[in-house]
Amino acid sequence: MAGNIKIALVGNPNTGKSTLFNLLTGLNQKIGNFPGITVDKKLGYCKLPGGRQAEITDLPGTYSLYPKSKDERIVLQVLADSNNPSRPDIVVVVADATNLRRNLLLYTQVADLGIPTILALNMTDMAKKEGIDINIHKLSERLGVQVVPISARSNTGINLLKQAIDNTTSIATQAEGADLHLMAPEAIEAARELLKTNNNYLALQMLHQHEPLNIFSSGEHAALEQIKKTHHFESSKLQAAETIARYRYLGTVLSGVIEDTGAVRKFVISDKLDAVLTNRFWGFLIFIAILFFVFNSIFSWSTYPMDMIEYAFVWLTEYGHQHLPDGLLTNLLLDGVLAGLGGVVIFIPQIAILFAFISILEDTGYMARVTFMMDKVMRKFGMSGKSVVPMIGSLACAVPSIMSARNIESWKDRIITIMVAPLVSCSARLPVYTLLISLVVPQKMLWGFINLQGLTLMGMYVISILAAVFVAFIMKFIIKAKEKSYFIMELPVYRMPRWTNVLYTMYEKSKTFVFEAGKVIIAISIVLWVLATYGPSERFEAIDKKYAAIEAKKDSSQVSTLERDKAAERLENSYAGILGHVIEPAIRPLGFDWKIGIALITSFAAREAFVGTMATIYSVDNDGEVATIRNKMKGARNPDTGLPVFTFATAFSLMLFYAFAMQCMSTVAVVFRETKSWKWPVIQLVYMTGMAYVASLIAYQLLK
Amino acid sequence: MQANSHHYIQMKLSQLSPGQRATIVSFTDLDMSVKLMEMGCLPGEEVEVERFAPMGCPIAIRVAGYQLCLRKSEASIIIIEQ
């Protein structure tokens, strides 16, 4: 094999496959797409000792080529399709040396597909400590492939593995992992002829699983179905027989190869930890404490970097306006593109921090216990134990949380989690709540120690969580499950987190967000900028004339207030302003006027735009404090009735609207990215906005 | 529950309490058995129930040298003998 070679990493979950991937490729990795499949592909590059470049793909972890989840299906899809551009020249199966027999089941399946294979025995140091002795030479001889003992955690054996990859010939050498000709021999023969392959196992796998793989024509699908019918091919029975045959084969292979002298000792620490961490009382208490810590950290640790990002963008915008020639292009670049970019980058601290915690919790094995403890509760609401983290994370920001829902295996559980996560009040709603609460709720103490404003704020969070649970419960009955949901899951032993993995995860998730969701967000923010900046030219000309006339009469000290008035008037007459007037009849039953209408429109991309828009509409200085905006809003009167605009009813209705409505382009973009279709983000946008409208309507009509 | 000719008691895995051990005999659901066997729950394999989740389900078992958790409904298709 000359030139570049393609290598795929395959293995069970929790075998250290990703750590090995990071070790082999360093930061030289990217996220791509598998052709025709909606799952991310992790790709990286590595230089081999012989000078060749290896393209390494990290395939999703799985226990078997018969998949339980969508992610797991990729493994077979990539390995089975000879036309797939990702199909590897060499497969490296990563196996956990501390639990070799179960790990080798997948190895025998992969090896039987006939691609040159290497077995990397990971955690060999750990196995030795636990008293497991593996005779590498004997194992390699019996399997017919190179077996390389490594420890990804302590970075040993990696060069040996690279050397082994270099030594691998293009002819597969492995021994057959099961007597396959005993299983449905006629059907296999017929399928081999149809698919023009001389590989028995590939033919058998295609008989089992051709349907979900999009690598065949409809004629081939029909022909395979016909073969199954003619030869009475019983899929589940054959799968069971195959698994038993493989384990029998592995029993022979491993006898005399593996010696286990310390079987009892190795779980002592994990068991002791589990007794506390999954305890009926302490388990939940510790979990809540950890959640509180995570949530608190996302808020407090991200403040400083987020402020820095904000200042940096404000500075850049100002600097740009000072040094670039005034004009349309400059304004578009600075107020449209740069502002949009700022709206994307601002999320990075929260994404990075949330994923740092998720990665630590997963790496240590604690996440599996959370799933274990919470499964029964979450199942009542159409989700699974694995939905807990995305739901809690949404209190900070729905964007990283929806990304983290990817490890939920059941499609239905995952979709419901994604659909309700944005209902949980995120940090972007906080400035809206604070402003409106300070406007209409008196700063009073209840029974001397409960802050009434704080209580209202907490109430908003409780309402949002109840809404999410309620919608999840409804969706449980509406959404049809695509596959049987299993909860057969390994509880890995507790381990120390691998800090480099944590850093890679933070980097990778932030990068994915910026590049994928960023495109949509910037596009939408440019559109909104155009809407808020431009209006019918005759109206704008009239405004310009009016202010030029006033300006000529006044002295320079008042020019700045004039500028603000002019900006407010321009906004009113911009397309966004006109739209605000257009939607006024629809939002009047909610207690909103056209000015709030403008804020609703500008908040469409990001709800935090509310405060800024209010500032512009009520002609507050750009650097005006919240108190100034509040006073202006308090003084606002309805021109027809002379009554205050922001009554308790209006403010509460508005808060409910911001609590429920989907006003976050980043979330829409990320839901599109995660579900790879516009169906779900559109449904989400419609149901959330509908729910917001109805809730606000009811609240206003009852309270006014 | 029934006693067979070897005087072993056959029952479902879901009926065991934490700390009890047994040997897997067979399965009552073919599709589920495929997944369980892949995870190492083979007939003849010894299992020990380690603990229940705080709300009684799922349960954690020790099998094939590692810890596996599964819902009670899934454990109830595993026939064991003590």
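**Figure 1. Two domains of chain A in the predicted model.** The domain assignment of chain A gives domain 1, residues 5–167, and domain 2, residues 180–263. Their C-alpha centres lie 21 Å apart. Domain 1 of chain A brings 26 residues to the contact, and domain 2 of chain A brings 24 residues. On the domain 1 side, α2 (70–80), α3, β7 (132–134) and α5 (136–143) of chain A each give two or more residues. The largest share of that side comes from α3(A), with five residues. By class, the domain 1 side has 12 nonpolar, six polar and eight charged residues.

**Figure 2. The contact between chain A and chain B.** Chain A gives 32 residues to this contact, and chain B gives 27 residues. On the chain A side, five elements are listed as giving two or more residues. They are α3 (100–111), α10 (235–254), α12 (282–323), α15 (366–380) and β12 (489–490). The largest share of the chain A side is seven residues, and it comes from α10(A). The chain A side divides into 16 nonpolar, seven polar and nine charged residues.

**Figure 3. Strands of chain A and chain B paired across the contact.** Here β12(A) meets β6(B), the strand of residues 66–70. Two bridges join these strands, which run antiparallel. At one of the bridges, Glu490(A) has Leu68(B) as its partner.

**Figure 4. Helices α25 and α26 of chain A.** Helix α25(A) covers residues 594–602, and α26(A) covers residues 609–617. Their axes come within 9 Å and cross at roughly 140 degrees. That angle makes α25(A) oblique to α26(A). The crossing is right-handed. From α25(A), the contact takes Lys595(A), Ile598(A), Ala599(A) and Thr602(A). From α26(A), it takes Ala609(A), Phe610(A), Thr613(A), Met614(A) and Ile617(A). By class, this contact has six nonpolar, two polar and one charged residues.

**Figure 5. Helices α20 and α28 of chain A.** Helix α20(A) spans residues 452–478, and α28(A) spans residues 648–660. The two axes come within 10 Å and cross at roughly 45 degrees. The helices are therefore oblique to each other. Their crossing is right-handed. Met460(A), Ile463(A), Ser464(A) and Ala467(A) of α20(A) meet Met655(A), Ala659(A) and Phe660(A) of α28(A). This contact has six nonpolar residues, one polar residue and no charged residues.

**Figure 6. A cis peptide bond in chain B.** Most peptide bonds are trans. The bond that joins Cys57(B) and Pro58(B) is cis, with omega about -5 degrees. Pro58(B) sits in a loop of chain B. That loop runs between β4 (46–52) and β5 (59–63).

**Figure 7. A positive phi in chain A.** Most residues other than glycine have a negative phi. Asn155(A) is not a glycine, yet its phi is positive, at about 55 degrees. Asn155(A) lies in the loop between β8 (146–149) and α6 (158–167) of chain A.

Notes. Residues are numbered from 1 along each chain as its sequence is written. Chains are lettered from A and ligands numbered from 1 in the order in which they are written. This is a predicted model: local features need pLDDT of at least 70, side-chain atom pairs count only at pLDDT 80 or more; totals for chains, interfaces and linings use all residues. Two residues are in contact if their C-beta atoms, placed from the backbone, lie within 7 Å. Helices (H or I, at least four residues) and strands (E, at least two) are DSSP runs, numbered from the N terminus. Ala, Val, Leu, Ile, Met, Phe, Trp, Tyr, Cys and Pro count as nonpolar, Asp, Glu, Lys and Arg as charged, and the others, Gly among them, as polar. Two strands pair if DSSP finds at least two bridges between them. Axes are lines fitted to C-alpha atoms, for helices over the stretch in contact, and angles run from 0 to 180 degrees between N-to-C directions. Angles under 35 degrees count as roughly parallel, over 145 as roughly antiparallel, 65 to 115 as roughly perpendicular and the rest as oblique. A crossing is left-handed if the near helix is turned anticlockwise from the far one by less than a right angle, and right-handed if clockwise. Domain bounds come from an automatic or database domain assignment.
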